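Please read the points below with the model open beside you. Each takes up one feature to look at.

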Amino acid sequence: MTGIEPRIDPIADPVTTVSAWNIANALTMLRLVLVPFFAVALFHGSGHAPGWRVTAWAIFAVASLTDRVDGEIARRRGLVTEFGKLADPIADKALIGTALVGLSMLGDLPWWVTVVILVREVGVTLLRFWVIRHGVMSASRGGKVKTLLQGVAIGLLVLPLSGALHIAATAVMAAAVVLTVVTGLDYVARAVRLRRVVGA
């Protein structure tokens with residue numbers, strides 16, 4: 001599977017369409033709604049109150065769980081929509097971006113890590129819009145693993161950990177950064193290939 005799905009003309013090829021108003025997309029929107037609540041909890045008490053950091057982690061965990069659940073529901077119930085394919089990664093980036101910037105502002109994560117990840121994420125989002133007239137680039141397997149690693153690393157860094165656990169969180173984040181760059185280059189190649197194939 002290439003992860004590239006050509007756009008279908010609904011007039012030329014009348015297939016049954018799925019409404020964007022479904023449970024899978026509702027979970028995606030819930031993830032977006034939880035982002036500001038996560039930010040408030042993360043920064044409460046100057047950003048270093050243990051209780052509020054745990055609260056921020058809980059909100060982040062629930063929001064991350066919706067990412068897992070909405071995709072599975074969409075596939076099992078045949079609720080996959082183009083809106084969902086675009087909104088889902090945007091919701092992911094809003095959550096991850098808020099967490100990364102917040103952790104860097106609090107001094108818990110180097111700014112260069114945040115910049116590298118956000119540049120990649122924004123770049124991939126722009127690539128999706130660049131090729132949207134030709135097809136939809138769904139998340140690749142490597143991209144999903146990257147998202148998982150980022151989520152685990154951020155979750156660990158949000159928690160008030162120290163010692164070996166903090167070192168483990170840093171190691172997971174390092175792996176996530178490497179995979180972030182590698183998968184970003186893969187998306188560039190896929191986008192270029194899609195435009196060439198469809199435009200040929």
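How many aromatic pairs does the structure hold?

1. The structure, which is a predicted model, holds one aromatic pair. Its members are Phe38 and Phe60, with 5.6 Å from centre to centre and 45° between the planes. The pair counts as tilted because stacked planes are under 30 degrees apart and edge-to-face planes over 60.

2. This pair links distant parts of the chain: Phe38 belongs to helix H1 (residues 23-43) and Phe60 to helix H2 (residues 50-76), 22 residues apart. Both Phe38 and Phe60 are buried.

3. Now follow H1 from end to end. With 21 residues at 1.5 Å a residue, H1 should span 30 Å, and its end C-alpha atoms are 31 Å apart, so the two values agree.

4. H1 does have a kink of about 30°, and this lies at Leu34. The proline Pro36 comes shortly after Leu34.

5. Which residues of H1 are buried? They are Ala24, Asn25, Leu27, Thr28, Arg31, Leu34, Val35, Phe38, Ala41 and Leu42.

6. Look next at the backbone beyond H1. Most residues other than glycine have a negative phi.

7. Where is Ser46 placed, and is it buried or exposed? Ser46 sits in the loop between H1 and H2. Its relative accessible area is 64%, so Ser46 counts as exposed, the cut-off being over 50%.

Methods. Residues are numbered from 1 along each chain as its sequence is written. This is a predicted model: local features need pLDDT of at least 70, side-chain atom pairs count only at pLDDT 80 or more; totals for chains, interfaces and linings use all residues. Side-chain values use heavy atoms; hydrogens and water are left out. Rings of Phe, Tyr and Trp (its six-membered ring) pair if their centres lie within 6.5 Å; planes under 30 degrees apart count as stacked, over 60 as edge-to-face and the rest as tilted. Helices (H or I, at least four residues) and strands (E, at least two) are DSSP runs, numbered from the N terminus. Buried means under 20% relative accessible area, exposed over 50%, partly exposed in between (1.4 Å probe, protein chains only). The expected span of a helix is 1.5 Å times one less than its number of residues. The bend at a residue is the angle between axes fitted to the seven residues ending there and the seven starting there.
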